[in-house]
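Let's take a walk through this fold together, one piece at a time. Keep the viewer open and turn the model as you read.

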Amino acid sequence: MANREILFILKGSDQLSHVADGVAGKFKSLGAGISGVGQTMSAGLTLPLLGIGTAAAKVAGDFESEMAKMAIAARGTGSDVKSLGDYALKMGAETMFSAQEAAQSMTGLFKAGFTAADVMGDMTGKTGLLAAAMNLASASELTLAEASDAVSIATATFGLKATDATAIA
């Protein structure tokens with residue numbers, strides 16, 4: 001009978017060992033699954049944040065590049081670059097156009113021979129050639145650059161003052 005009890009204990013021990021191995025395998029699989037979820041979540045959060053940071057840096061760099069071009073085009077207009085940049089940022093924040101688009105439009109207007117006062121009007125965003133171009137572009141299928149050209153040409157062709165430009169756009 002002692003042999004039987006020993007055999008029973010050995011068989012029970014062997015079965016328990018298989019059960020324990022199975023449980024250990026399940027825990028190992030669970031751990032791997034949780035690790036995979038963690039990696040996926042990390043990639044799902046980190047990569048978009050990295051992309052947003054990269055895009056923001058590019059936008060800022062593009063705006064600064066356009067401001068450098070504007071500074072050259074506006075040279076001799078009697079306006080400081082900071083006020084021009086502040087106005088481009090203001091118009092970008094208050095309209096459907098970006099600050100970079102506003103700066104590009106302003107650069108084109110300066111190249112056409114207009115002064116800072118002509119381009120910015122009374123600085124409220126309601127007068128001046130930039131405001132007129134933005135109004136025209138908003139109401140039409142023109143880009144802001146195309147609208148700036150049209151406003152510039154119309155103002156020069158008809159001998160209008162820059163302050164009258166918003167009335168025609």
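The expected span of a helix is 1.5 Å times one less than its number of residues. Helices here are DSSP runs of H or I with at least four residues, strands are E runs of at least two, and both are numbered from the N terminus. Keep in mind that this is a predicted model, where local features need pLDDT of at least 70 and side-chain atom pairs count only at pLDDT 80 or more, while totals for chains, interfaces and linings use all residues. Residues are numbered from 1 along each chain as its sequence is written, and side-chain values use heavy atoms, with hydrogens and water left out.

First, the overall picture. The protein has seven helices and zero strands, so in sequence order the pattern reads α-α-α-α-α-α-α. Of its 169 residues, 25% count as buried; buried means under 20% relative accessible area, exposed means over 50%, and partly exposed is in between, using a 1.4 Å probe and protein chains only. The accessible surface is about 10,800 Å², with 65% of it belonging to carbon and sulfur atoms. Those areas come from the Shrake-Rupley method with a 1.4 Å probe, and for residues only the protein chains shown count as cover. Take the contacts between residues at least 6 apart in sequence, where contact means heavy atoms within 4.5 Å: 57% of them join residues at least 24 apart.

Now find helix 3, residues 99-111. An α-helix has 3.6 residues a turn, so residues three or four places apart point the same way. After helix 3 comes Gly113, with a positive phi near 100°.

What does helix 3 pack against? One partner is helix 2, whose axis comes within 7 Å of the axis of helix 3 and crosses it at roughly 130°. Axes are lines fitted to C-alpha atoms, for helices over the stretch in contact, and the angles run from 0 to 180 degrees between N-to-C directions. Helix 2 and helix 3 are therefore oblique to each other; angles under 35 degrees count as roughly parallel, over 145 as roughly antiparallel, 65 to 115 as roughly perpendicular and the rest as oblique. The crossing is right-handed. On the helix 2 side the contact is made by Leu84, Tyr87, Ala88, Leu89, Met91 and Gly92, and on the helix 3 side by Ala99, Ala102, Ala103, Met106 and Phe110. A crossing is left-handed if the near helix is turned anticlockwise from the far one by less than a right angle, and right-handed if clockwise.

Helix 2 itself covers residues 81-94, and its 14 residues reach 20 Å from first C-alpha to last, close to the 20 Å expected. Its buried residues are Ser83, Leu84, Gly85, Tyr87, Ala88, Met91 and Gly92.

Another partner of helix 3 is helix 5, residues 129-139, which packs at about 120° with the axes 10 Å apart. These two helices are therefore oblique as well, and their crossing is right-handed. Ala102, Ser105, Met106 and Leu109 of helix 3 meet Leu129, Leu130, Ala133 and Met134 of helix 5.

Move on to helix 6, residues 144-157. Its 14 residues should span 20 Å, and the end C-alpha atoms agree at 20 Å apart. Leu144, Ala147, Ser148, Val151, Ser152, Ala154 and Thr155 are its buried residues, and they pack against helix 3, helix 5 and helix 7 (165-168). Zoom in on Ser152, which is buried at 12% relative accessible area. Leaving aside residues up to four places away in sequence, Ser152 touches Leu109, Ala112 and Phe114. Helix 6 is followed by Gly159, whose phi is positive, near 65°.

A few spots are left. Ala71 lies in helix 1 (residues 2-73) and is partly exposed at 26% relative accessible area. Ala71 and Thr107 are 36 residues apart in sequence, with their C-alpha atoms 8.2 Å apart in space. Ala117, in helix 4, is exposed at 54%. Ala117 and Thr163 sit 46 residues apart in sequence and 9.2 Å apart in space, C-alpha to C-alpha. Finally, look at the loop between helix 4 (116-120) and helix 5, where Met123 is found. Met123 is not a glycine, yet its phi is positive, about 70°, and at 36% relative accessibility it counts as partly exposed.
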